[in-house]
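Please look over the structure below before reading the notes. They are meant for someone who has not seen it before.

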Amino acid sequence: MNKRTLEENVFKVLMVGSVCIVLGSLALIFGLVIWNGATSLNIEMITQTPTPAAPGSPPGGGILNAIVGSILLSLPATGFASLIAIGIALYLQSDFLQPRIANAVRFMLDVLWGIPSIIYGIFCLMIMISIGMSSSVLVGMIALTMLEIPIITRCMDEAIKMVPIGLKEGAYSLGSTKFETAVRVVRRQAFPGILAGILLGLGRGIGDAASILFTAGFSNRIPTSILDSTAALPTMIYNLYSTPLGQQKAFAAAFILLIIVLIVSVLSRLLTRRFKRHIIK
Amino acid sequence: MKTRKLRDIFGTKLMLVVTLFVSLLFFLIFSLLLYRSLLVLESHSIIDVLFSSIWNPDVGQFGLAAVIVDTILVTGFALLIAIPISLLSAIYIVEYAPLRLRRSIRPFIDVLAGVPSVVYGLCAFIFLVPLVQHQIAPWFGVQSTGLCIFTASVILSIMVFPIIISLCIEAFDAIPLALKEASLSVGATKWETVKKVVFRASAPSVTAAILLGFGRAFGETIAVNMVIGGTVRIPSSIFNPGETLASLIASKYGELMSIPLHESALMLVALILFVVVFIFYLLGLFILRRAKRRWSY
């Protein structure tokens, strides 16, 4: 065996080794969450709110408040973010904006995507305190919306860029306005990509703890108004992970989060495939 | 006709407004962070804050040197683990793996990129912390509680695997087949082709992937906060507890926000995070643009 094949074989072993490390560590994480989550998950866990612990007795109850809180925070946030994002993404195309300016906005969106989510958290917190509000569903929702806008916009933008120019020209030549072309033709053609972007944003928003840590606060009760503070699945995990009794709930919450992420990912694949039938190649 | 025209004008203006709003958000976040951190910069020079290692808010000392050292250690170590492993995995998946494995691995990696960081943190706390405490640290002959810089780096590297791998797979896939075939046809082995053609042709995109991985590792707050131990002191080894810039905000904000000067110090930390991410993205953009001019195929 000469030097060249030896080198090839050494690197092949290294490559297989690294794939094993990657898959192994990730399988370990899934295994840990599924095993611990499945054993600690029961009906009580998802139908009850935490009962305040009397001195000397273990905290009981479930994590219903976190489940409801997560839904209340992330669904409206994803909705708002998607509405804003679609406007920006359509506007970034060359029909509306000069490519130079559009690229500058794209760069800003990339940086906004890249900055740690805790910055959104404290940014909203600053504004919240200066106008005299306290941590609530509303502020958490706004923080999540800000976090999701760059993610969803950049995904939509990539999808909309791919729309063939001929399609737009066809719409223009029939006399439609720029806005009609963008909303009726381009939006429809890029729909699978737009949907994938929205679902990616939802997945990111529902799992983010840092941005809602201070803005949504924490509460053991289900929020009754938009100005109540609320727990969410990620903040629940963050608050409970360090005590043995809390870990059970933390793992149940992690398990639910993981299931949601899986569902969102599968849904994104299925819906994308389904709506691909309607587009013009 | 008139309503259509009106709708066009109104719709376009609305889109302009949201675009302006997001661009404004960028400057708004920056300027508000700057404005809020001025308070601490008035009483302490920036040199003093960046290079003094004494963090003692109660007596008004806000030295960030220890936190900065920890951040560099955690991020650097995480990337040191993640980059070679991710690159080798991506090459294996694209060039060597059987087609069936290749097809099934992609969705799996996409799912992993979406797993919330708090879940990684929880797993690290349950599994990695005891492992480091009882096995790895004694193996190096040091005492450690397991809550340390090393643990944080390991979990961060696992978190950035899916990001770097999926971007690298895209980059390697985008290389024209003819380029590889030319190399193979003059007698290069597969690995030589990978080394001399694939790596070079994809260098700009791979750099961008690594920068993105860096951004994630650098700014990760929650997972790091859960396993790093939370001590602001210059570490003597990587098995010491520490605190990174991002995790400092998460762990100290609750107790410090009531006092303006303390809050201002944390705003300065956030400002540093923002500026560093901005500089790195600018760098990435610059590298990509130059590389595209040079390697245009």
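1. The model is predicted: local features need pLDDT of at least 70, side-chain atom pairs count only at pLDDT 80 or more, and totals for chains, interfaces and linings use all residues. Residues are numbered from 1 along each chain as its sequence is written, while chains are lettered from A and ligands numbered from 1 in the order in which they are written.

2. Chain B has 12 helices and two strands (DSSP runs numbered from the N terminus, with helices being H or I of at least four residues and strands E of at least two). Read from the N terminus, its order is α-α-β-β-α-α-α-α-α-α-α-α-α-α. Along the principal axes, the C-alpha atoms of chain B fill a box of roughly 75 × 70 × 35 Å.

3. Of the 297 residues in chain B, 46% are buried (20 or more other C-beta atoms within 10 Å of the residue's own, with C-beta atoms placed from the backbone). Among contacts in chain B with a separation of 6 or more, 74% join residues 24 or more positions apart; a contact here means that two C-beta atoms, placed from the backbone, lie within 7 Å.

4. Between the chains, 65 residues of chain A are in contact with 61 residues of chain B. The most on the chain A side comes from helix α1 (residues 3-40) of chain A, with 18 residues. By class, this side has 47 nonpolar, nine polar and nine charged residues (Ala, Val, Leu, Ile, Met, Phe, Trp, Tyr, Cys and Pro count as nonpolar, Asp, Glu, Lys and Arg as charged, and the others, Gly among them, as polar).

5. Helix α3 (residues 64-91) and helix α9 (residues 191-207) of chain A pack at about 145 degrees with axes 9 Å apart (axes are lines fitted to C-alpha atoms, for helices over the stretch in contact, and angles run from 0 to 180 degrees between N-to-C directions). Residues in this contact include A:Ser74 and A:Ala81 of α3(A), and A:Gly201 and A:Gly205 of α9(A). Seven residues of the contact are nonpolar, six are polar and none is charged.

6. Helix α4 (residues 99-114) and helix α6 (residues 137-161) of chain A pack at about 135 degrees, again with axes 9 Å apart. Their contact includes A:Arg106, A:Asp110 and A:Trp113 of α4(A), and A:Arg154 and A:Asp157 of α6(A). It has five nonpolar, one polar and four charged residues.

Notes: Buried ≥ 20, exposed ≤ 12 C-beta atoms within 10 Å, placed from the backbone.
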